Amino acid sequence: MRLFFLVFVFFLISEATAGESLKLVNINGKIYDESTREPLTGATIVLEGTSHYAIAGLDGSFTIRGIPQGEYRVEISFISYKNRKEEVSLSESKELSFGLKPEAMNLGAVVVSTTRLRNTEASARAKERNALNTVNAISASAIELSPDLTVANVVQRVSGLTTERGSSGDAQYAIVRGMDKRYNYTLVNGIKIPSPDNENRFVPLDIFPAELLDRLVVSKSLTPSMEGDAIGGVVDMEMRSAHSRKIVSANFSAGYGELFFNRDFDSFDYGAVNKTPPMQRLENGDPVAGSMDYYSSGNFNYTKETPTPDHNASLALGDRYFNERLGVILAATYQRSSRGTDRTQFRISENRGPENLPYISSYQERRYSTAQNRIGIHNKIDYVINPGHTISLYNVWLNLQRNQTRVVWEDGLRGINEPTLENNFRSQINIQRIFNSTLQGKHRLLPNLEADWSLVYSLANQNVPDNSQLITVSNYETPGRELRWLIHENQIRIWEENADRDYAVYYNLTYHPFANNEAFQVKTGGLYRTKSRENHFDLYTFKPQPGIQEYVPYETNYANLNWRITGGAGTPTHALNYQSHENIFAQYLEIKFPWQGFNFLGGIRTEHTDQGFSTANNLVEDGAQTYWSFLPSVHLKYQLTANSHVRTSYFKSVSRPGFLEIIPYTRPSTEDIYVSGGNPTLRPVVAHNFDLRYELFPNTTDQILLGAFYKNIYDPIELAVMTQTDPNFQPHFPSNTTVITPVNFEMAVNMGLEADVIKYFNRFGIRGNYTFTSSDIESIKRTWTEITQENYHQLTTLQQQNLSIGDSTFLNVTQMRPLQGQSRHLGNLSFLYKDLRNGFDAQLSAVYTGERIAVVSTGFETDWWQKSFIQLDFSAEKRILEKFVVFAKINNIINTPYKLFIKKPHYPSSRIEAMQPNSREETLVREEFYGRTFLFGIKYNL
Amino acid sequence: MRKLEKKMKSIGTFSLAIIFSLAFMACEKDDDNGPDNGDNGDNGNGETLSGEISGTLEKGTYIISGDLLIPEGEELILEPGVILAFDGDGLSPETSPEIQLFGNLVAIGTPEEPIMFTVVEERRDPSNAYEGLWGGIQAMSSCEHLILKHTIIEYSGGPARQSEAYDAGDPRYTIHFANPEGVLVFKNSIMRNLADDGIRPQGGGQMAIVNNIFYNIGETGGEGINIKDGSVGVVAYNLFYAMATNGSKPAGEGDGVPQTDIDTYNNTFINNGFRRAQSGRGGSINYEQGAKGQIFNNLIVNCRFGIRMRGDRLPDMDNIEYDYTHYYAYDETDQENFWPTTDVDDDGNPLTYEKPGDIIQMDPLFVNYDVNTDKMTAIPDESWNFHLTEDSPGLTAGSTDFEPVISSLSAGGVSISIPGPSAFIGAYGTE
C-alpha cells in the first residue's frame, strides 16, 4: 500500500517542479461545452505551428507555459465537438476559456439527443444536478479508470451503497442505504429486467460487465414515472450507445489471483456434466432414470491445477450512417477468471439451555475454486426518421458461468483420539443468463407534445445442472483403530433450472403547455408487464454400492466409485417446482413546473399487481394475490444560488414479496431445528420515504452533497419462528410444530445522513462519501424463558397442560435490531491522478463498510454480524502510443477478510477456544480470505 | 411391583418361537407351511387397492398399487390375516406407495394370523432389504391413533414427496407419527429389512413400543426407533438385532412440549451400529438433545457402543436414571466402547457424557445363540433363542424398583397394558 502512495507523491513532485523563464508567457483557462457548461476533460488546445499544446484536465482546466510572446492561432478540439479556431495575441500571460459546440446532427431545427455524451463524468454530475429526484451517477470514463470489472464492483463506489458477496468472493447484490437487496430493483436503459435467482426478484449485479456501461445511475427517490417497487433505490445501467463519431475500441488484459500462488486450484471434469435432468433423458420407455448410465462419473474426477491466468477481452464498434440518421453500436466483452475463497467456519447451534448461549457443534475448513466465464454482448441500432421521430432497437445478452469446486474438511468436535471427520466435495456449474430486447420509439406529435413507447421482451434464467456432492467420513473400527475413510451413506445430485420471461409495454406522453418553456411539463403514461416464471428442481439420491466403500485418503479421482440409485425419478413434488406469474399494470400522472426559485415535480402512480403461483405438489394449493398500490410523490428543488440548491422529496413506495415466499409449501427441518414454510398471506411492504439534500456545485465537476433521509417502513418482511399460538401461524403448517416463515412485521424505521464530496485540482481528484444510517426493527426471537403470567398466553394448549408458571421453555421474545445488511457507517474514498499530457492516470480507492447483520438468526441476540472492513483497490493506466493505453488493476490490496461473528460468547470447549480469538465476548462464525488479484492489459481506442 | 412382574413374565415368555416362525414364514418365499400366506382364497385375494379408504378389510391379500389415504376423522381396521402387498420399486414416491394416515388405523392380528405390511410376493426377498420398495405408514398430525399389534412390517423406506416431514427424495421412515396428543402402539410385532428408520415419532405422541422384534434396519444409517420431540412412552421387551445405528434413540430436538420422556427397559440389543460408516455415534441406546427417561435392565451384546448420553445438546441428565445394564462383546474394540473412555472430548470427558452405570461384562448365556456369531450378521436364524438359561448371570440382576412413565394406553376402543419392568436383564427371561 505504501508503494502506491509513493507513486502518487512522485507524480505530485514532478508536477510542482516545472519552471518558468523570462520573456515567455503562459495561458491558462478552461474548455467547456458551450451549452451545458460541462468541462471537456481531454479536449486539446494547440498553438498552430508550434509544439505548444495542452489537454484539459479533470475540471476542464489547462495551462500552457513558456510561450514566446507573439500572435498565434489556437485550435481547440474534442471528440464529437466541432473544432474551434481563434486568433490570440499573447503579449502577457492570459486567462482564456473556450466553449465548444457539440457536433450535433442538425436535421432541420431539432438537435437529436443521441449525440449527447453520457459517458463522461461531467454528464454524471449534470445528471445529479439536473434531476429532480435524488440520484447519484458514475460515468463510463470514471469506471474505465477504476479497478472495477463488474457493475457490482462499481455500485459500491456510490454513496450509501454496499454490496453483498457470493461464495466466490465477488460482490453480487447492492444494499442501498441499509435496505436489503429485496428492497431495490435493477434497470437496463430504464427497463426493468427479471432475475435469474430461483426464489427472488433481485438481480445479481456481477453478471454485468462494467465495460458495457455509458453510465450507472442510482436513484434514491422515485418519481411517478418510475416503477414504484423500490424502498432503498434503483440501479439503472445506461448501456453504451452510438455517438456521432466512429467508435473502435478494444482491450485485452490478463492477470492472476494471489491465492493460487499458495494453493492449487481444485477442478473437476466440467465437460462431463450433463445439462439435462435424467428424467428428461429417459430411454427405451424407462419409467425412471434407474440405471447409473444416466449419471456421469466425471463430476467426481477432481484434479489439482495451476489455474490458467485470468484474461479479459472486449471490443466495441460504433458508427453513424446515412447522413448520421442510422446509428449502430456493437460491443462484446469476455472475462475469464479463476477465483478462490479460503474459509474457516463453525457450525452454530441456536441458544441452548439455561445460559441461553449458542453451542459450537463443528469446525470446517472450506476451499472454493471457481472458474468464471462472463460474456456480454449488446447492440443498439437507432434510426432518426426525421427530427421528430426516432426509433431504436436494443439487445443485450449476458451470460455468466461459474464452475465451482468446493472441498470441505469437517471436524465434528466429538473426540480427540477418534475425531468425527468428514471430507466432502461439491461439483457445481452455475449458468446465469439475461437477455433483453427493447424496441423503442420517440415521436414529437405536436411542437409541444411528445410520445414515447417501448416494447420489451426479457428472459432471465439460471441452470445449475448436476450439482453433485460426495461425502466421505472417518471410521476407526479397523484393528488398531486406525483412521480409514469411507463413503457416506447418502449422496445427492440436483438438477435445478429456472426461467423468468417478461413481456412489457411502456408508454409515455409528455406535454409542455408553454411552447417556449420546457420547464413546465405534464407527463402521463404507464406500463403493462406480464411475467411468467418457471422453476424446476430435480434431486436424485444414491448410495455407495456396496454400502461400505473405503477410499484412499486425499486421492482426488472418485470417478470409479460404484453407486446405487435410491431415488431415480427426480423430485417433481419438491417445493422448488413451481410456476409463478406476475402482471403489473401501472399508470401515472406527473407534473413539473418552476415557481419562484422552486422546481416542483410531483404526481401519483397507481400500480395493480396480480401475482400468483401453482406448484407441482398437489398438496399445495394454487393461489394469487391481487392489489392496488397508490403511490404519490412530491419533489421540490429550491435554487439557493446559481450553483447551489436544496431539494426535498416525499415518495411512497412498495416492495412485493418474493416468488417462493407466498407459496404455502412446507419443508422439513434440516440443519435448523424448525420446519420452514411459505406464507400466502404476506402483504407487500409499504414505505413512506423522506429526503432532504443540499447540493453545491462549485463548478461543473466538483460537488458537495449533504443529505438526510427518513423511511417509515410498514409491514417489512422478515423471517420469524412461529408456533400455533401466533396469529401468523398458517393453516397449512402442521399443528404442534414450530415453523420458520416470512411474516410482515409491524414497522421499521431507517434513517441516515449522507455526505458526498468530489473535488478536482487539474490533475488531482478526490472523491469521498460517507453515510450514516440507523434502523430499528422489532424482531421475534426464540429463547429459553421462564413462564410468567405475562407470557402464559403464548403457550399452546398442550404446553399449558404440561407446564405451569415458574417452569421454563422456549418462547418468543422481541429483540430490537438494525435491518439486515445495514451498517451504521459507510465510507468511500478515492484519490485520482490524471496527467493527460503524459497520458497517465491512477486511482486508489477505499471502501469502508461498518459492521452489519449478515444473517438474522432465530435465537435471541444470536444474529450473525459481519465485522467492519476496509477494502483497498488500485488501478493505473498509461498511454503508450497515440491510440494505445496500458493499464493495471490491483484489487483487494490488503487482503481484507470477511468475518462473521455473534455478539455473545458460546458454551466453552477448550479445543474451540484456540480458534476463537475473542471468545469471552463473541463467537466467531466464519472467516474467509480471497487474496489479492492482479490484472494487466492494453486498450486500443480509435 | 410384584404383581406387575409376574404378569410381565407371562408376556415376556410369550412368543419368541412363534414370532420367529412367523418371521420366516414371510421371509422365505418357498415356505408354504406358514399358518397363513394369503393364498387360501380369502376375501380380497389379489384385489388391487389405492386411493381413499376406510372401514374394515377382511382377511386376504390386497395389492396396493398407489397411495392409500385414510381421511381425517375416519378409521381403517385391518382384520387378522390381512396382507397389504405394496407394488413398489423404491425409485420414486409414485412408484413406492405409502399409507397416508390423516385418520386412524387399527391393525390387530393374532399370533397365528398376523397382519402383514409388505411388498408383492416376487419382491419379498431379503436381497431387497434396503431398497425401500414402498413408503411406510405416514401418520399426519391429525391422526389420533395408530395401533399395530401382531403385525409384520418390511421392505419399506422409499423416497418421499415434499411435505413438512420430508424434503422430496428423502427416504421415508416406516412409521412416522406426528401428533403429541395421539397414541401410537406397536406391540408383538416384527419390523425388518428396512432402508431407513423404523419408527420415527417426529412430532410427538404417547407410545407403547413393546414385545417386538426389530432386525436388519437401515443400510448404512438408520435407527430401529428414532424418537423426536414431544414423545412420552415406553420402549420395552424388544429385541433389536442388526440395526445400522442405534436400537432406540430418544431426543428432544426442537422445542415442542411435552419434553421427550421415554423409558427404555428390558430390551436386548445385538449387532447394532456396525453398518454406519462414520465412527463416533450410537450403537445401542442413545439419549440426546434434552430427552429424559429411565434406562434399566437392558442387555447389550456385540454392539458398537454402549448407552450413550451425548449430542450437540446434552440430554436432560438431571432427569435420566440408568443402571442394571449387562454387556457382552467378543471384540476388544467393542468392549472398550461399552463406555468409550479411550476417546475424550477436548475437555477430557469421555465421548459418552457419564458412565452409564456399572459396566458389567459377561456372557448372558442365551438358550440358543452363540455370542461369538459374526457381529455383521443382519438376519437372525430361525433356530436362535434369546431367552436366558437358568445359569445366566442376568436372570435376577435387574431392578423392578421403578414405575414406567405410563402403564396403559387406550384409544380407538382398544386398551393396551404396558408391561412393567422384570428382574431379569434383556427382553426375555427363562423359557
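The tour below goes from whole domains down to a single helix, then over to another chain.

First, the ground rules. You're looking at a predicted model, where local features need pLDDT of at least 70, side-chain atom pairs count only at pLDDT 80 or more, and totals for chains, interfaces and linings use all residues. Residues are numbered from 1 along each chain as its sequence is written, while chains are lettered from A and ligands numbered from 1 in the order in which they are written.

Start by colouring chain A by domain: domain 1 is 21-103, domain 2 is 111-243 and domain 3 is 254-941 (bounds from an automatic or database domain assignment).

Now select domain 1 and domain 3 of chain A. Their centres, taken over C-alpha atoms, are 49 Å apart. Even so, 11 residues of domain 1 are in contact with 11 residues of domain 3 (contact: C-beta atoms, placed from the backbone, within 7 Å).

Next, zoom in on helix α2 of chain A, residues 121-130 (helices are DSSP runs of H or I, at least four residues; strands are runs of E, at least two; both are numbered from the N terminus). How many of its 10 residues are buried? The count is 7 (buried: 20 or more other C-beta atoms within 10 Å of a residue's own, all placed from the backbone). Among them are E121(A), R125(A) and E128(A). To see what covers them, show β11 (135-139), α3 (140-145), β16 (213-219) and β39 (703-714) of chain A, which are included in the cover.

Last stop: chain B. Here you'll find 3 helices and 34 strands, and 65% of the 431 residues count as buried.

Note on methods
Two residues are in contact if their C-beta atoms, placed from the backbone, lie within 7 Å. A residue is buried if 20 or more other C-beta atoms lie within 10 Å of its own, exposed if 12 or fewer, and partly exposed in between; C-beta atoms are placed from the backbone.
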